[in-house]
Amino acid sequence: MTVNKNTEFDFFITDLNGNLRGKRMPAGVLKKVLSEGIKLPRSVVGFDFWGADVLDNGLVFETGDSDGVCLPVSETPLPVPWSDIPRHQILAMMFNADGSAFEADPRQVLKRVVDRFKARGLRPVMATELEFYLMDGKSETTQRPIPPVLANGHGRRLSNTEGYAVEEMDGFDAFFADIRKACDAQGIEADTIIAEMGPGQFEINLNHVDDPLLAGDQAILFKRLVRGVSRRHGYGATFMAKPYADQSGNGFHVHFSLLDESGQNVFDNGTEEGSDLMKQAVAGMMETMPDTMLTLAPNQNSYRRFMPGAHAPTIACWGYENRTVALRIPESPCAARRIEHRVAGADANPYLVLASVLAGALYGIEHGLEPAAPIEGDAYAESDESLVLPNKWEDATNAFANSPILKEYLGEEFQRVYSAAKRQEQRLLNERITDVEYEAYLGLL
């Protein structure tokens, strides 16, 4: 590409929390960086949410805080249309200094599972649906969500959003037009835009791609561009799982099917029921769901989504055309038979969500598992305690850290580094005294 000498480049990897870590550099170093990458300490991948070292992960003092090599995932830098100055961005993945995969890197975690599918002659097709809240621009200063004011609504501030209401989107025409333009500029195929149930809550669906790594890349870049375009328009945007206690949370739904080497969907057996292979994938995802809860719901706030009737699944279950279950088989033409995984929150790292979905499916296929009967009606009314998903952060961490299945499918190094980061975050937050505690107890005890 022709490079303007005034152009800057953001070169970054994604840490385990989905936060972008890297360097900003001038155009003059682009050729060298595209061929050689850059060096960063491997410990950067395992930072806690606030960017602090996690000393228990084995990557800091034990290794001399050694470097990894970050190599670009594409040779074509992508524009950053919302920037005030000419800027492009380069997404990268970390390797060890000897060129081997650094298996704590979240993109490498996903690649590990995808490679196992390839070895079986199978190619996953995946699409993501991400919900977010558009907020008043003051929200980032106050650190409290404030519903936005409609741009052409005569100063009316949203108090609620009517689900699927087209007129709500009319109030943000310019914002959504720039979202579309930014997606087009970055090669991200955005599909429908939907007004969801909360004040300023929207969902944008990305099209299916037959490369899960690309699906993860696009979800990472999409989250960045939503925040960037929002600021450009004077708004804020958040993918926080539950920004409003009394409103719906932000989900991250994943649609998933499998192609064989001839390009045929192996979930399709010519019936609405789907193939035995599809059911094996469902069974595997159900069995591994409690262990993967930490990657699907990675933060303290994540667990506020999981309440009966809140459109976030609370038990490991499946069903046909049923939005109360964790794994939904949508009504569709047989050739498009697929599974919708509905558990993750939008605050989760897309690479780790996709890796968790695929790991569960592959586990079920490789072990020939059979699922329990599909649920009809309200899954929230189910009383089988064995199906209940972990609803506390610490419980999810323990299940993840002790899972032999995830050790095999996602990797021992990733399991160790991610568990250590989450436990450090839990210790730090547990040390904080909340406003509620002061309000309740300070003057009365």
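**Close-up 1. Helices α9 and α11 run roughly antiparallel to each other in this predicted model.** Helix α9 covers residues 393-401, and helix α11 covers residues 412-430. Their axes come within 10 Å and cross at roughly 160°. Angles over 145 degrees count as roughly antiparallel, so α9 and α11 fall in that class. The crossing of the two helices is left-handed. From α9, the contact takes in Trp393, Glu394, Thr397, Asn398, Phe400 and Ala401. From α11, the partners are Phe414, Gln415, Tyr418, Ser419, Lys422, Arg423, Glu425, Gln426, Leu429 and Asn430. The residues of this α9 and α11 contact divide into six nonpolar, six polar and four charged.

**Close-up 2. Helix α9 also packs against helix α7.** The angle between α7 and α9 is about 120°, and their axes are 7 Å apart. This crossing, too, is left-handed. Helix α7 contributes Pro290, Asp291, Met293, Leu294 and Thr295. Helix α9 contributes Trp393, Ala396, Thr397, Ala399 and Phe400. By class, seven residues of the α7 and α9 contact are nonpolar, two are polar and one is charged.

**Close-up 3. Leucine 296 lies in helix α7.** The helix spans residues 276-296. Leucine 296 is buried, with a relative accessible area of 1%. Which residues touch leucine 296, leaving aside its neighbours within four places in sequence? They are His341, Val343, Ala344, Gly345, Ala348, Val353 and Ser356. Histidine 88 is 208 residues from leucine 296 along the chain. The C-alpha atoms of leucine 296 and histidine 88 are separated by 30 Å.

**Close-up 4. Phenylalanine 172 and phenylalanine 202 form an edge-to-face aromatic pair.** The structure holds 16 aromatic pairs. In the pair of phenylalanine 172 and phenylalanine 202, the ring centres are 5.7 Å apart and the planes make an angle of 80°. The pair links distant parts of the chain, 30 residues apart. Phenylalanine 172 sits in the loop between α4 and α5 (173-185). Phenylalanine 202 belongs to strand β9, residues 201-206. Phenylalanine 202, at 0%, counts as buried.

**Close-up 5. Phenylalanine 175 and phenylalanine 176 make an edge-to-face pair.** The centres of these two rings are 5.0 Å apart, with 65° between the planes. Phenylalanine 175 is buried at 1% relative accessibility. Phenylalanine 176 is buried at 7%. Both residues belong to one aromatic cluster, formed by Phe132, Phe172, Phe175, Phe176, Phe202, Tyr235 and Phe239.

**Close-up 6. Serine 230 is placed in helix α6.** Helix α6 covers residues 212-232. Serine 230 counts as buried, at 0% relative accessibility. Leaving aside neighbours within four places in sequence, the contacts of serine 230 are Leu134, Phe175, Tyr235, Gly236 and Ala237. Phe175 and Tyr235 are among the members of the aromatic cluster.

**Close-up 7. Serine 35 is a residue of helix α1.** The helix runs over residues 30-36. With 56% relative accessibility, serine 35 counts as exposed. Leucine 71 is 36 residues from serine 35 in sequence. In space, the two residues are 7.9 Å apart, C-alpha to C-alpha.

**Close-up 8. Glutamine 143 and glutamate 321 each have a positive phi.** Most residues other than glycine have a negative phi. Glutamine 143 is not a glycine, yet its phi is about 55°. The residue is in the loop between α3 (139-142) and α4 (166-170). Glutamine 143 counts as exposed, at 65% relative accessibility. Glutamate 321, also not a glycine, has a phi of about 45°. Its place is in the loop between β12 (318-320) and β13 (327-329). Glutamate 321 is partly exposed, with a relative accessible area of 36%.

Technical notes:
Residues are numbered from 1 along each chain as its sequence is written. This is a predicted model: local features need pLDDT of at least 70, side-chain atom pairs count only at pLDDT 80 or more; totals for chains, interfaces and linings use all residues. Side-chain values use heavy atoms; hydrogens and water are left out. Axes are lines fitted to C-alpha atoms, for helices over the stretch in contact, and angles run from 0 to 180 degrees between N-to-C directions. Helices (H or I, at least four residues) and strands (E, at least two) are DSSP runs, numbered from the N terminus. Angles under 35 degrees count as roughly parallel, over 145 as roughly antiparallel, 65 to 115 as roughly perpendicular and the rest as oblique. A crossing is left-handed if the near helix is turned anticlockwise from the far one by less than a right angle, and right-handed if clockwise. Contact means heavy atoms within 4.5 Å. Ala, Val, Leu, Ile, Met, Phe, Trp, Tyr, Cys and Pro count as nonpolar, Asp, Glu, Lys and Arg as charged, and the others, Gly among them, as polar. Buried means under 20% relative accessible area, exposed over 50%, partly exposed in between (1.4 Å probe, protein chains only). Rings of Phe, Tyr and Trp (its six-membered ring) pair if their centres lie within 6.5 Å; planes under 30 degrees apart count as stacked, over 60 as edge-to-face and the rest as tilted.
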